[in-house]
Amino acid sequence: MAGIKINNTRLTKRDLDIMSILWKSKEPETASMIAKYNPDLTMNTIQAVLRKLLKSNFIKVADIVYSGTVLTRSYKPAISQEDFWIQKIVEDYKEIRQKVSKADVVAALLNIDKNSPGNKEDIIQIREMLDNYISS
């Protein structure tokens, strides 16, 4: 798991809407470009969420670009979608670890896709990680 460490992975639905757009985009996006992806978001909402995400280090300014005749910031994620969700799961687990063991969590995750062909590969990877963890 690479990427930056964030202290609070709690995002609202609107925050996640905008992060999802940025994660899917190959190029940095401006507020007006984000509005085109999701017409339900007002420009005021987008700008407020972008300020919040920027302050919380979820995104960073990629560049200053022209939007028509006006200079504006373009944004890109500072954390990958995968890293975000892993950190969120870890943060959530820290809150319940007195009630649920790591073994129970892993067993439950494996049972989600019990008949999945990838399950065997997951188990092999887990076994290798545990072997490396024990031997280090």
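Reader: How many aromatic pairs does the count come to?

Author: In this predicted model, the count comes to 3 aromatic pairs. One of them is formed by Trp23 and Phe84, with 5.6 Å centre to centre and 40° between the planes.

Reader: What makes Trp23 and Phe84 a pair, and why is the pair called tilted?

Author: Ring centres must lie within 6.5 Å, and those of Trp23 and Phe84 are 5.6 Å apart. Planes under 30 degrees apart would count as stacked and planes over 60 as edge-to-face. Trp23 lies in helix α1 and Phe84 in helix α4 (residues 81–96), and the two are 61 residues apart, so the pair links distant parts of the chain.

Reader: Why is the pair of Phe58 and Phe84 called edge-to-face?

Author: The angle between the planes of Phe58 and Phe84 is 65°, and over 60 counts as edge-to-face, so the name applies. Ring pairs link Trp23, Phe58, Phe84 and Trp85 into a cluster.

Reader: How do you know that the buried residues of α3 line one face of the helix?

Author: The buried residues of α3 are Ile46, Val49, Leu50 and Leu53. Viewed down the axis of α3, these residues fall within an arc of 105°, and they therefore line one face. On the other side of α3, Asn44, Arg51 and Lys55 are exposed. The buried residues pack against α1 (13–24), α2 (31–37), β1 (59–67) and β2 (70–77).

Reader: What span is expected for α3, and what span does the helix reach?

Author: Helix α3 covers residues 43–55, has 13 residues and reaches 18 Å from its first C-alpha to its last. This is close to the expected 18 Å at 1.5 Å a residue. Just after α3, Asn57 takes a positive phi of about 70°.

Reader: What makes β1 and β2 a pair of strands?

Author: Pairing requires at least two bridges. β1 and β2 have 8 bridges, in the antiparallel sense, so they qualify as a pair. Ile64 stands opposite Arg73 in β2. In the hairpin of these strands, which has 2 residues between them, Gly68 takes a positive phi near 70°.

Reader: Which residues have the most contacts inside the largest nonpolar core?

Author: Within this core of 19 residues, those with the most contacts are Ile18, Ile34, Ile46, Leu50, Leu53, Phe58 and Ile59. α1, α2 and α3 each supply at least two residues of the core, and the largest share, 5 residues, comes from α1. Not counting residues up to four places away in sequence, Ile59 touches several residues, including Met19, Leu22, Leu50, Leu53 and Tyr75.

Reader: Why does Asn111 count as partly exposed?

Author: Buried requires under 20% relative accessible area and exposed over 50%. Asn111 has 46% relative accessibility, which lies in between, so Asn111 counts as partly exposed. Asn111 is in helix α5 (residues 102–112). The C-alpha atoms of Asn111 and Ala31 are separated by 41 Å, and the two residues are 80 residues apart along the chain.

How values were computed
Residues are numbered from 1 along each chain as its sequence is written. This is a predicted model: local features need pLDDT of at least 70, side-chain atom pairs count only at pLDDT 80 or more; totals for chains, interfaces and linings use all residues. Side-chain values use heavy atoms; hydrogens and water are left out. Helices (H or I, at least four residues) and strands (E, at least two) are DSSP runs, numbered from the N terminus. The expected span of a helix is 1.5 Å times one less than its number of residues. Buried means under 20% relative accessible area, exposed over 50%, partly exposed in between (1.4 Å probe, protein chains only). The arc is that of the directions from the helix axis to the C-beta atoms. Contact means heavy atoms within 4.5 Å. Rings of Phe, Tyr and Trp (its six-membered ring) pair if their centres lie within 6.5 Å; planes under 30 degrees apart count as stacked, over 60 as edge-to-face and the rest as tilted. A nonpolar core is a set of buried Ala, Val, Leu, Ile, Met, Phe, Trp, Tyr and Cys residues joined through side-chain atoms within 4.5 Å.
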